[in-house]
Every structure is written in C-alpha cells, then in structure tokens.
Amino acid sequence: MPAPILAIANQKGGVGKTTTSINLAACMAAAGKRVLLVDLDPQANATSGVGLEKLEGGSLYAPLLGEGTALERVKPTAFDRLSVIPSEVDLCGVELELGRFEDRLSRLRALLAPVCGGGDFDLVVLDCPPALGLLTLNALAAADHLLVPLQCEYYALEGISTIRRLFDQLREGGVNPRLNLLGVAMTMFDGRTRLSQQVVAEVREHFGDLVFPTVIPRTTRLAEAPSFGKPILHYDPYSAASAAYELLAAEVLKRLGF
Ligand SMILES: Nc1ncnc2c1ncn2[C@@H]1O[C@H](COP(=O)(O)OP(=O)(O)O)[C@@H](O)[C@H]1O
Ligand SMILES: [Mg+2]
C-alpha cells in the first residue's frame, strides 16, 4: 500500500493550516509513523517551523517543472521519523510556469508517487498555500485525504462553500475521484468567549461528525514555537496545546485507518 497523502488546505490565510500541518506531522511521527511533511507554501513557514532553513534549490520548484525528483529533496529534521521537503520563495514562480504544461494539475501527484510507493514513509502531509492556485490544486489532485482547518471566528464558514464546490468539482470532474474529505479541524478556540463556542456549534451543525472532536485552543505557546524551530510537542510538551494536537493526531490516524 502506498503511503496516503493528506492535504491541509483552506484558501483563507491565517486559519492554522501551517500550525496544524507542523504539529500533526510531529505528533504522528512521535506516535511511531514515518511522516514526510511537504511545504508547498512559498512563505516556507512549515519549513522554518520544523527547524530548517529556506534553502535555494531545496524546494519542489525544479522537480515540478521537470528537473529532478521529490525524493532527492527530502531532508531529515531533528525529530525522529519526521522528514520534510522544504519550500523557498521560488515556489511562487511555479504558479505561473506550471500553466504551460498540459498535465499541470497532476505534476505533484506524479512526483510524489515514487515517494509514497517507496516504503520510506507511512504518511505524507501537504501544507498548502492560502490560495486556490495551481499549487493547491496540485495538492488536492495528489491527495487521498483533505483536512480543512477552520479558525474559530465569526467568518469561519465563509469560503467553506468554495472549498466544498471545488472538492466536488475535483471528484466529479475526474481530476481526483478518490479525494476524501477526512475532516474539519477547529483552530484557535478561545474558551473565554461565547463567540468561539457559537462558531464551533454552528460548524458542527453544518458538518456534523466531519468536525474532529478535538478543538485546538488559542495559545501564545503555539505561535511562539515556530520561532524556535520546534513543533509544540517538543517546545512545550506538557501544554494544553500539545495535548490537543496529540489528540487530534490520534483522531486523524484513526480516520486514516492506522
Ligand atoms: N491555536 C493557535 N493559537 C495561537 N496562535 C495560533 C494558533 N494557530 C495558529 N496560530 C498563529 O496564527 C498565525 C496563522 O497561523 P498559520 O498556521 O500560519 O495559518 P495559515 O497557514 O493558515 O496561514 C500564525 O502566526 C500562527 O502562529
Ligand atoms: Mg501557512
């Protein structure tokens, strides 16, 4: 069985995609899975968040345009079983350059196939950029599963219909008929406000059991950790945020059938 690919996507910025990608990947690695985190955002926050420098020529930029393989871009991290394919600013340019390829939607899938089938990883996590450009579309075309993070704020549900429509189009249009909506993860929950509770209730009403039971709290520890190049599990292992991501990771692994 090739390693499943889980895309973390939402076209909105600042909803917790990168934080969720880093911390889920780290918690699943700590739980014994060999995890490859692929940073597809030119901002490279997932790359620095697991302690790697942006490295010129280190991203999937060249491989996506036909030069080199994904496997040779894989870098180890300081954390057991967690590897990463870093990003760099160059990745911006890919959006434009991919346009000229007829197979522009399936290039990432083709690159990742030997990585998933090679037996080195149990799971691949894709951190997507905050837009529905070609990089995100490539991620959704390559993925087996989609996890959508939603921030606990007033406009949480805004834009979700866009994702739903895109999801249906990708499946029904034949780009990726196997794509599975694994779940919706609520992030930045502030238990002191009624708003957070109302938003979670509203999202649960809309999505039912698709919403993961574990909700990620808003805490400054999660915002600080990336500047130390550490997932929360290694930065502040006994914090509520670390416990929350460990629980969410267990729920994700269960839904993935591990
Ligand atoms: N649960 C949280 N509590 C506090 N800050 C958070 C939390 N999740 C994310 N952040 C912060 O919010 C900002 C946006 O999060 P990020 O994961 O980068 O979102 P995205 O990748 O969707 O743009 C970052 O500065 C991040 O550190
Ligand atoms: Mg991000």
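Colleague: By class, how many nonpolar, polar and charged residues does the lining of the largest pocket have?

Modeller: This is a predicted model, and its largest pocket has a volume of about 530 Å³. Lining that pocket are 31 residues, with Gly 16, Lys 17, Thr 18, Thr 19 and Met 188 closest to its centre. Sorted by class, the lining of the largest pocket comes to 13 nonpolar, 14 polar and four charged residues.

Colleague: Which element gives the most to the lining of the largest pocket?

Modeller: Two or more lining residues come from each of helix 1 (17-30), helix 2 (45-49) and helix 9 (220-224). With six residues, the one that gives the most is helix 1.

Colleague: Where does ligand 1 sit?

Modeller: Around ligand 1 there are 14 residues, and those that come nearest are Gly 14, Lys 17, Thr 18, Thr 19 and Pro 217. Lys 17, Thr 18 and Thr 19 are also among the residues closest to the centre of the largest pocket. Ligand 1 sits in the largest pocket.

Colleague: How much of ligand 1 does the protein bury?

Modeller: Several polar contacts come first. A polar side-chain atom of Thr 18 is 2.8 Å from an oxygen atom of ligand 1, and one of Thr 19 is 2.6 Å from an oxygen atom of the ligand. A backbone N or O atom of Thr 219 lies 3.0 Å from a nitrogen atom of ligand 1. Of the 550 Å² that ligand 1 exposes when taken alone, the protein buries 78%.

Colleague: Which element supplies the largest share of the shell around ligand 1?

Modeller: By class, the shell holds six nonpolar, six polar and two charged residues. Helix 1 and helix 9 are the elements that give two or more residues to the shell. The largest share, three residues, is from helix 1.

Colleague: How many cavities of 30 Å³ or more does the count come to?

Modeller: A cavity, unlike a pocket, is space where a 1.4 Å probe fits but cannot get out. With the cut-off at 30 Å³ or more, the count is two.

Colleague: Which helix gives the most to the lining of the largest cavity?

Modeller: The lining of the largest cavity is made up of Ala 9, Asn 10, Gln 11, Leu 132, Thr 136, Leu 140, Leu 146, Ile 163, Leu 166, Phe 167 and Leu 179. The most, three residues, come from helix 7.

Colleague: How many residues of the lining of the largest cavity are nonpolar, polar and charged?

Modeller: Asn 10, Gln 11 and Thr 136 are in this lining, and these residue types count as polar. Leu 132 and Phe 167 are among the other lining residues, and Leu and Phe count as nonpolar. The division is eight nonpolar, three polar and no charged.

Colleague: How many charged residues does the lining of the second largest cavity have?

Modeller: Leu 146, Val 148, Ile 160, Ile 163, Arg 164, Phe 167, Leu 181, Val 184 and Phe 207 line the second largest cavity. Two or more of them come from each of strand 6 (145-151), helix 7 and strand 7 (180-187). Helix 7 gives the most, with four residues. By class the lining has eight nonpolar residues, no polar ones, and charged residues numbering one.

How values were computed. Residues are numbered from 1 along each chain as its sequence is written. Chains are lettered from A and ligands numbered from 1 in the order in which they are written. This is a predicted model: local features need pLDDT of at least 70, side-chain atom pairs count only at pLDDT 80 or more; totals for chains, interfaces and linings use all residues. Side-chain values use heavy atoms; hydrogens and water are left out. On a 1 Å grid over the protein atoms alone, a cavity is a set of points where a 1.4 Å probe fits but cannot get out, and a pocket is an open set with protein on both sides within 12 Å along at least five of seven lines; lining residues have an atom within 4 Å of a point. Grid points are joined across faces, edges and corners, and a volume is the space filled by probe spheres set on the points. A residue is near a molecule or strand if one of its heavy atoms lies within 4 Å of it. A polar contact is a pair of N or O atoms within 3.5 Å; within protein, one must be able to donate a hydrogen and the other to accept it, and residues adjacent in sequence count only if both atoms are side-chain atoms. Accessible areas come from the Shrake-Rupley method with a 1.4 Å probe; for residues, only the protein chains shown count as cover. A molecule sits in a cavity or pocket if more than half of its atoms lie within 2 Å of its grid points.
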